[in-house]
Each structure stands twice: as C-alpha cells, then as structure tokens.
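Colleague: I'm new to this one. Can you walk me through it?
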Amino acid sequence: MDCQFRFSCCSLFIVVCDVFNMTMFLTQTVLLYFQDYESDFEEYLESEESSSHTEQDETSSDTDTLDEDEAGDGFRTKLTAHEVKSIHLENSPTKSILKHATDAGHSSEVSKDIKPDKDKPLTVEEERKLDSGSYDLASHADVRRKKQIQDIRAAMDKENSNLSNKLQSHRKMRSFTEDEGFVEVFNQDSSQTYQENVHSPTEGLINFATARKHQMKQKAKVKVQKRGALLMEMIKLDVMNFQLLDIPSVPYEVYMKCYGRSNTLQIHTQTNEDAITEEVQTDEVETTCKWTQHPVRYSSPKSPDDLLFAFSQERLGVGGEKTVHENEEAWFPKLHVNSLQLHNFINNAGEMILSLLEESERDRLEVNKAANKRDFGFSDSFTRLNVGKVDFLKGRPVSIVCFSESNSSHILTVHEPSTEPLTIQAESEGRCVLCTWSVREPSCPLQTLVASNLATSVCFHSYLVFAGLVDGVMCLWDLREQSIIHCRCFLKQPDWLLRSPTYISANLERDKRHLSPVISIKILPESNSDDSAKTTTEQTPTQIVSLDEDGLLVVWTIVETRSSTNVDSGLAPWGRVRLVQSSHLRVLKAFPRSIERAIQCRCLSVDSMKPSNLYVGTNSGQVLHCLQTSVRARPQFYTANIETNTSITCMEFSRCGHPLFMIGDTTGRVQIYRTMTERPLVDVSASAVSPGPPVKGLQWSSAQPGLFFVLDANSCIHVWDLCKSDMCPQMSVPFSGQTLTSICLTPHSASKMMAIASEAGTVDIYSLKAEFGALPKKESERLQDVFSRYITIL
C-alpha cells in the first residue's frame, strides 16, 4: 500500500513536472513573441518606457565597454543567432519586468502595478490586461513565478558566460580574423555597427560606434603627428624666386614721342631766360651780379688792395662785382688769417722741398757714389758729410759722433772749440759747436747748437739733445723751438742760426751737480721688460743718468712745462723743457778709502733688461756694479783674470737681449762679462797682438749677437764675429793718413750704417755689407742658437 502510494506520488510528480515543463515552454514562447501583442499592452508599455530605457542604457554601457576592450585588442567579433536572440530578450519589455522583480530581492511580488489587490476593486485597465492572457498566471502560487524568474536568470547567465568564452577565444585568434570574412560597416546615420554575416531580425542594439570611432580618431591623429614629425626632419623646403614682371624704363625720346605734343621740346635753364614777368615798379631796382666757379680758380687782381677780397671769394668758388670797401662789412669777419700756422707750414714745406731737391741732385750727379766707391771690407761705399763747406766748422776736430735713438737717418756731431775766429768772430770763438745732420741731406747741417765749453759726452733722442761739458755743466736743447728766438749770424752766404741751450745746470748747488768732466750720459728705459730697448728708441725719454770722473752719478727727470713762467733760473726765457734732479749717488764709496781718491770713472753702461743696474768702468781696470740709489749690488766688482795696471776706456752692453757686457782697456784687450759672474767669459786681444794699441771705441751689433767692431788708437777697425771665431778678428781695416776719433753704429737693426769721425773734422757714413747687417729670420735664429750655446759652454 505504501509502495503503491509512493509510486502514485512519483507518477503524480512526473506528471506535474511535465506540466511544469510545458508551462515553462509556453511561457518562454509567450515572452519571445510578446511584442506581437502591442495593441493589448500599449498603455502598460508607456508607463514602463522610462524604466525600459534605463535598462537599455545600462546594457548599452556594458556592451560599449566590451566593445572598447575588443577595439583595444584590434579585432572584430561575430555573434551567432542564438546570442543575438538572448541579447534581444534582455532588452525586451519582458526582460524589463523580470529586472524589476530581481531588484526587489527575488520576492514573490512581481509587480505591484499588475497584481490586483483583494481589498480594492479592479480598474478597467487591469481587467483588460487580465483578459489579454498575460496575467492569467497571476493567480498561481508565488513559488512558480519565482521559479520562472530563476530559470530565466540562469539562462541569461549561461548565455553571458558563453559569450565571454567566445570573446577570449577570439582574442587568441586575432591574427586569423581577417581571413574569416569579418568586415565592419559603419552607419553614419544610426551610429551603429553590424556584422556582414549576422542578420538580426531586429535593429542593432549593441552600439560599439562611439568608443571605436573615438579610439580610431585618436590612433589616426597620433599616426599623422608621428608621420608629420618624421617627414619634417627629412624634407627641406627650397626657396625659388620667379620674376613675374620685368618692364624696362622707357627712353625719354620714346615717351615724348608717344605722349608729348608735336613741335615741343622739354629743356632746363638756370639763367631764367624763359621768365615772362616784367618789373612794373617806378623805383629803380638794385641788382648785383654773382658768379660761381668749380673747380676753384685763382686770379691776380689788378689792385693789391683787392688781393685778400679776391682770395676770400675765389677760395669759396663764389663771388660778386662789389669792391673791397663796399663789401668790407660782409667779408672781413669771415676772413681768418693765422700767421703762425702759415709760418710753420712754409718752414715745413720749404724743408721738404729742399730735401727732395737735394736728393734729386745727388742721384742725378752721383758724385758721392762715384768718388767714394771703395771696398773697406765691411763696407762698399760711404757718404761724407759736407763739413768743410761750413765756414765756422773748418779746422774743428770732431770728437764725438752718435746716431739718434729714434731716427737712424739723423746724426749728431760734436766739434771742438776753435781758437782762430776765421768767419764768425765773437759768436763761435771759444765755444763748442754741435750739429745735427740728415744722412739724406749731407750738404749742410739741419740745426747748429752752441755750448759754452767742450762737450765730453752727448745723447740724442728725437727732438732733445743732451750734452755734458768739461766743466760739469749739463745742457739741454729743444729742437722744436722757433728759429726767431735764437741768434742769427749773417755772413756771406748763407746765414746760420746758432741755437743756445734751452736749459743748463750751472745754477744748482755744488754738492748736487757735477764739478768735473761729465764722461757719460745714458737714457734710462721706462720698464724692465723685454721690449725695453724698443721703448727706449721709440718713446720720448723721461729720465737720463749722467756720471762724471769723480764718481757722482745723477738721475735727471725731463719735465716739460706748458706755461711761460720761469720757475728755474737755469731755464731759458723761451724754454719749455728742463731737467730736475731726482737722485744722486757717490759710486766710488764702494772702494776702500785708501784708494778712493785715486780711482776715476771712465765710462758708464746701463742694463737694458734691468734699468736699475748700472755698470761703471774705472781707471783701475775694474768694473763697479751699483744701483741707481745704492752701491750695494751683487756682484759688486768685475775683475780681469790677470790683474794688470790698466784702465778701462769704453764699455758696451749687448743689444740682442743677452745679459752680457763688453769692455775695452788701454792694453788693447776686449773682455766679455756675464752680469752674474765676476770673471770674464771671453778675453781676447782686439788686434790679435798682445799687448796691442789701446781701444778707443766699441760697437756691438744689434743685428747679429756675436758681431762687434773695435777701434784702436792706430785708427784701425777690427771686425769680430764670435759665432765664427774667438781667436782672431774676422778682418782688420786700417785708415792710414788720418786719425779716427769715434765710431758709432745705428741702434736700429734694420739700418746698416756706421759713422766714423776723424780729427781732421771729417765725418763719413759707411754702408755696411749685407753680411754685417740684418739677416733673414731663419739665419738670425740660427746665429742666436749658436751664440747661446757658445756662451753656455764658456
């Protein structure tokens, strides 16, 4: 019985399940074709339209998100008909009703709007909905309704899981999507995406257009920007010019022919001949004729009174017919006359013209070159200064000759006083005469200077001449002074201008000035740099140093005053330049007192590299080293290897920048010392004979470091070149028949001249051969290296 009951229950349960399954199938069928009953549910759909749209937006948002993921992976998906059906079901009104039921927490109430209330009567709308067959199941149990909803949700979840699995498989097979025939078609009007092989019964409810279109625009924009940047680096634009229009100017004749009138001609006039106006005034009209001339042309006026007026007009190129007196008020204030400037111009122009005429005459006649063409070994020709034609210089021995430190073509000669006033009686008798010459104008001196006593030492630089006299007086001449303020001596022809000193030091105190013969005057360089020698020759000196026989060394400063106030009694009334004593020093105090009075100074030399170092040659054969303000210097004395009773006669410092100096003595020997060594490096006999005649002069070449010239008492010049030999001179040139007193080389390396003075009063300028002058740069550097190695070995 129990078994039969159980079997009956099971059978009944099976029947119930079959009925339930049939009911579910019918329910799904009704739900799928629910849209065909629009007439029955029109009002209900209007009430649920807002909620249905909300669910569609959420579904569209989810679908767009999925579409963005697919667009990011770069492939297109293809939906099956079952998937489209499922998606259509989700977006149908039935899905909306089920959605409301799910949000309510899966309760038994499906819709409060549809379920009738037992307490309230049914409305007409509710009756219509119940009659339509859609809500006939509302009277069934809530369990069945809940079961239906759960089954539908399970079907939806299953479809969604299948869709996600298919999407993942499509991502893995992205490389094969194009071969399977997937094509995108964009509908710009509906903004929706369809598949070619998907034919949905309804319009597309999945909208991928917005996200995909936005992303495709961004990708296209980035690609265009990258491509544009790459092309801009590779492409360079070229500029091309095209002449679009070129119209040459029309000649004047063509223009007048085309646009002018016949029988007409266009002309210009400056004489106002075409004026058609006439004067109608009754008063007389004053007119003045004016003229102009270009270029300016000068004429000779008939009256001397009109000379200035005519010149003032003609120099401007314009003028008129009025006379000087009629137009005096107009032209006289404009006339500027500077007589001083005119005087300077005439003097300078006259000197220039005379110089040119003399050079032309000398070149034309070639008297000097033809008569003096003689080979002296170191020279092939010479030019003699015309001292004999100057009356007051005849018979005067030339004691000193020196070149200007700034101009190698100017030379200074010192002529001893004459006791026989043959020409100039009181002006030159008993006075020493100094003359400046130009090598280019040897016929007459440029300036003639007179001193009260014999000049024992001189120095010449630009426009300044310094002289130390035998009585210890220092004299200075300024060659810029006007000739009108000096004494002019009128003789037969021509007249000579004798210039007096601008400054003398005779008015100084006895303990501050020289009282014995001044033996040397040197210019002090302004700096101790390597260019000190160049500075000395090119710039105006500011300080000089002088030394007398008693050992008084005085440093003088050259001061130029602008005012005419005579602040110094030694300055001439017209003078502007004077000497001011800066310091003085007794150099013989360095010797022991027992022999101090027996020592006398003979010569002075200044180190061009270190101007504060002074070297004094004495009659004891020693060279004293001192400073400008002190006698304490190291080494203090320079002594020969063999001490003999000799006296130093001359001294010369190296002009090539080496720390060396050379001395000559009365025994005829020449010694070369290094400034830091007490003993000589080189000790040779000037004439290669020991003992030889005393040395009267030394000249060290500024072009070659090892070349020097020696003048001995026998009027013989010996040429030495230590770069070739230090055993004997390279050559010896005797000057027989005359007594030479002085020699001097030009301080400029580019100039190749040597002046030689004689006791007979002649002065000759010798042109050195090329081998004794300035050499090419490579050869000069080679000689410098040879001489430096030679000195280093010693």
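Modeller: We'll take confidence first, then the pockets and cavities. Keep in mind that this is a predicted model.

Colleague: What is the mean pLDDT of the chain?
Modeller: The mean pLDDT of the protein chain is 75. Of its residues, 66% reach 70 or more.

Colleague: Where does pLDDT stay under 50?
Modeller: Residues 175-205 are one such stretch. The model has 43 contacts beyond four places in sequence for residues 175-205. Residues 529-536 also stay under 50, with nine contacts beyond four places in sequence.

Colleague: Switching to pockets. How much space lies in the second largest pocket?
Modeller: About 1,200 Å³. Its lining has 33 residues. Nearest the centre of this pocket are N347, E351, L446, Q447 and R499.

Colleague: Which elements give two or more residues to that lining?
Modeller: α12 (339-365), β9 (447-451) and β14 (496-499) do. α12 gives the most, with 10 residues.

Colleague: And how does the lining of the second largest pocket divide by class?
Modeller: Into 11 nonpolar, 13 polar and nine charged residues.

Colleague: Now cavities. How many of 30 Å³ or more are there?
Modeller: Four, from a search of the whole structure. The largest cavity holds about 90 Å³ of space. It is lined by 15 residues, and the closest to its centre are S701, S702, L745, S751 and L768.

Colleague: What classes make up the lining of the largest cavity?
Modeller: Six nonpolar, seven polar and two charged residues.

Terms used. Residues numbered from 1 in each chain as written. Predicted model: local features only at pLDDT ≥ 70, side-chain atom pairs only at ≥ 80, totals over all residues. Heavy atoms only, no water. 1 Å grid on protein atoms, 1.4 Å probe; cavity = no way out; pocket = protein on both sides within 12 Å on 5 of 7 lines; lining within 4 Å. Points joined across faces, edges and corners; volume = space filled by probe spheres on them. Nonpolar A, V, L, I, M, F, W, Y, C, P; charged D, E, K, R; others polar. pLDDT = per-residue confidence, 0-100. Contact = heavy atoms within 4.5 Å. Helix = DSSP H or I, 4+ residues; strand = E, 2+ residues; numbered from the N terminus.
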